[in-house]
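Please keep the sequence and the structure in view while reading.

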Amino acid sequence: MPDGTKDDPWTLTTPPGSSEYTMYADEDAGQQILVCQVGSTKLTYQHRAIADLHAWLREQGDWVALGAADENKPAADGTVEAWGRSASNPVGGWYGLRKGYRGRFGMYLPPLLEELGLAEVTHDARNNRMRAS
């Protein structure tokens, strides 16, 4: 298994299996971050999203819809995407750090949790879900 560094990133596939991307842990201005490279697009998320999302999934106790959406589109209530930008999550808002690229939390974080053995993710063409392992 890759060690999740810039030199040895996790190579992941979106839940529908339509796109491959990489993620790795890094530091920026003293903050632990996750860097998600999708083609030429770079998204960044707070590193604590891994533990926080896993804890939230455990609280839910069942399958939760991913609901991936771009930052400028609303996220469906009760989805991973909605939680990743909710004022009621542990960081009080967006886990995404780069304005304009803060969305898609529900697309790119679930496969990482699956890779780390923290969650199960469905891999259908649409309407994927996840739950804590």
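Of the 133 residues in the protein, 43% are buried, where buried means under 20% relative accessible area, exposed over 50%, and partly exposed in between (1.4 Å probe, protein chains only). The model is predicted, so that local features need pLDDT of at least 70 and side-chain atom pairs count only at pLDDT 80 or more, while totals for chains, interfaces and linings use all residues. Residues are numbered from 1 along each chain as its sequence is written, and side-chain values use heavy atoms, with hydrogens and water left out.

The overall dimensions come next. The radius of gyration of the protein is 13 Å, which agrees with the value near 14 Å that a compact globule of 133 residues would have; this radius is taken over C-alpha atoms, and the globule rule is 2.2 Å times the number of residues to the power 0.38. Along the principal axes, the C-alpha atoms occupy a box of roughly 35 × 30 × 25 Å. The accessible surface amounts to about 6,900 Å², and carbon and sulfur atoms account for 43% of that surface; such areas come from the Shrake-Rupley method with a 1.4 Å probe, and for residues only the protein chains shown count as cover. Contact means heavy atoms within 4.5 Å. Among contacts between residues at least 6 apart in sequence, 49% join residues at least 24 apart.

The protein contains three helices and seven strands, which follow one another from the N terminus as β-β-β-β-α-β-α-α-β-β. Helices (H or I, at least four residues) and strands (E, at least two) are DSSP runs, numbered from the N terminus.

Strands of a sheet pair through backbone hydrogen bonds, either parallel or antiparallel. Here, two strands are said to pair if DSSP finds at least two bridges between them. Strand 1 runs antiparallel to strand 2 (residues 20–28), and four bridges join the two. Within this pairing, W10 stands opposite M23 of strand 2. The two strands form a hairpin with six residues between them, and G17 in the turn has a positive phi of about 80 degrees.

Strand 2 is also joined to strand 3 (residues 31–38), in the antiparallel sense, by seven bridges. M23 has C36 as its bridge partner in strand 3. Two residues lie between strand 2 and strand 3 in their hairpin, where A29 in the turn has a positive phi of about 50 degrees. Strand 3 in turn runs antiparallel to strand 4, with six bridges between them, and L34 stands opposite Y45 in strand 4. This hairpin likewise has two residues between its strands, and the turn residue G39 has a positive phi of about 60 degrees.

What does T44 touch beyond its neighbours within four places in sequence? T44 lies in strand 4 (residues 41–46) and counts as buried because its relative accessibility is 12%. T44 is in contact with I33, L34 and V35, and also with Y95, G96, L97 and R98.

Three further strands form an open sheet in the order 5-7-6, with antiparallel pairing. Strand 5 and strand 6 are the edge strands, each pairing on one side only. Two bridges join strand 5 (residues 64–65) to strand 7, with V64 and M130 as bridge partners. Strand 6 (residues 119–121) pairs with strand 7 over three bridges, and A119 has A132 as its partner there.

Helix 3 (residues 105–115) is mostly covered, with nine of its eleven residues buried; among them are F105, M107, Y108 and L109. G106, also in helix 3, is buried with a relative accessible area of 1%. Not counting residues up to four places away in sequence, G106 touches L66, A68, V80 and E81. G106 and A132 lie 26 residues apart in sequence and 14 Å apart in space, C-alpha to C-alpha. After helix 3 comes G117, with a positive phi near 80 degrees.
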